[in-house]
Amino acid sequence: MSSVTGYLGPEGSYSHIAAKKLAEGEIAPFPSFFLLVKALKEGAVDAIVLPVENSLNGGVTQNLDLLQETDGICAVAETLVKIEHRLVTLKGADLSKITTIYSHQQALGQCAKYLCNHFPKAALRQTSSTSGCLEMIKSPTDAGIVGCHCVAEGLEMSKECISDEPLNFTQFLLVKRGSAEDCKKSAKIYFSVTCLHRPGTLVSALSVLARRGINMTKIESRPIKDKVGEYRFFIETEADCGAENTRAALSELRENCSFVKILGCY
């Protein structure tokens, strides 16, 4: 039986593009990231695709939290998808009369300057995905933000990308059931650390990586929900999970930090 990979739908979303790049078999749309993770945990799908970072907006915090909170899953591959947003309206619509603009919150954020300059009075409405906004455009006063690959009968899109920055990429991870211990070799390791709440503990943790020559490619902080004023750090490094130096570094991190969780090896 062919494996099934879930993604945030509907068809035409950026997650759909990432799923086609990462999936090993069939792909299936889901209406939310929470339901994606639930389906993976329950065995309804064999893998899921999650966006974790955008080059303009930073971490996709909901998915960082889902990876942190969910046991028994691990990222095993990554891909970058170029984000090229376009404004879409009914054919012949007068842009000066647009009153409502629909899209996913990430797309609205990535086009914030454009929207402020061109549609300062328009109401911004969030949808579950970029492609999901297409069904909301029913009036000449409606508009949406979608990928340049999205086409639909009766609609037209701007000729130019409307992203605030033209070099806009989102990192997606392919996540499966299992443990990081199952991975024998990798180019990168993605993990979270919780430091003791006292001066210098984050510096000590990062020094472990520096001393062992492990390059850190990104770091993101998230508040710990039940500990006001304390933070968890999500770190990606260039490291082979099977190398002795990497295993030693992770062991030392566990000694210096109150909690370490491996989120992915890819």
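Among contacts in the chain between residues at least 6 apart in sequence, what percentage join residues at least 24 apart? It's 74%, where contact means heavy atoms within 4.5 Å. Before you click around: this is a predicted model, where local features need pLDDT of at least 70 and side-chain atom pairs count only at pLDDT 80 or more, while totals for chains, interfaces and linings use all residues. Residues are numbered from 1 along each chain as its sequence is written, and side-chain values use heavy atoms, with hydrogens and water left out.

**Whole chain.** Start with the C-alpha trace, which spans about 65 × 50 × 30 Å along its principal axes. Colour by secondary structure and you'll find seven helices and 15 strands (DSSP runs numbered from the N terminus: helices are H or I, at least four residues; strands are E, at least two). Of the 266 residues, 49% count as buried (buried is under 20% relative accessible area, exposed over 50%, partly exposed in between, with a 1.4 Å probe and protein chains only).

**Main core.** Next, select I48, L50, L67, L173, V175 and Y190, the residues with the most contacts inside the largest nonpolar core, which has 24 residues. Such a core is a set of buried Ala, Val, Leu, Ile, Met, Phe, Trp, Tyr and Cys residues joined through side-chain atoms within 4.5 Å. Elements that each supply at least two of its residues include β1 (4-8), β3 (47-54) and β11 (169-177), but the largest share, five residues, comes from α2. Zoom in on L50: leaving aside residues up to four places away in sequence, its partners include F33, L36, L67, F172 and V175.

**Second core.** Now pick L209, F233, L253 and V260, which belong to a second, separate core of 21 residues.

**Helix α6.** L209 leads you to α6 (residues 201-211), whose buried residues are T201, A205, V208 and L209. They sit on the same side of α6 because they cover an arc of only 95° around the axis, taken from the directions from the helix axis to the C-beta atoms. That buried set packs against β12 (188-194), β14 (231-238) and α7 (244-256). Just after α6, G213 takes a positive phi of about 70°.

**Lysines over rings.** Finally, show K218, which lies over the face of Y190 at 5.0 Å from the ring centre. K82 lies over the face of F169, at 5.8 Å. The cut-offs here are NZ of Lys or CZ of Arg within 6 Å of the ring centre and within 35 degrees of the ring normal.
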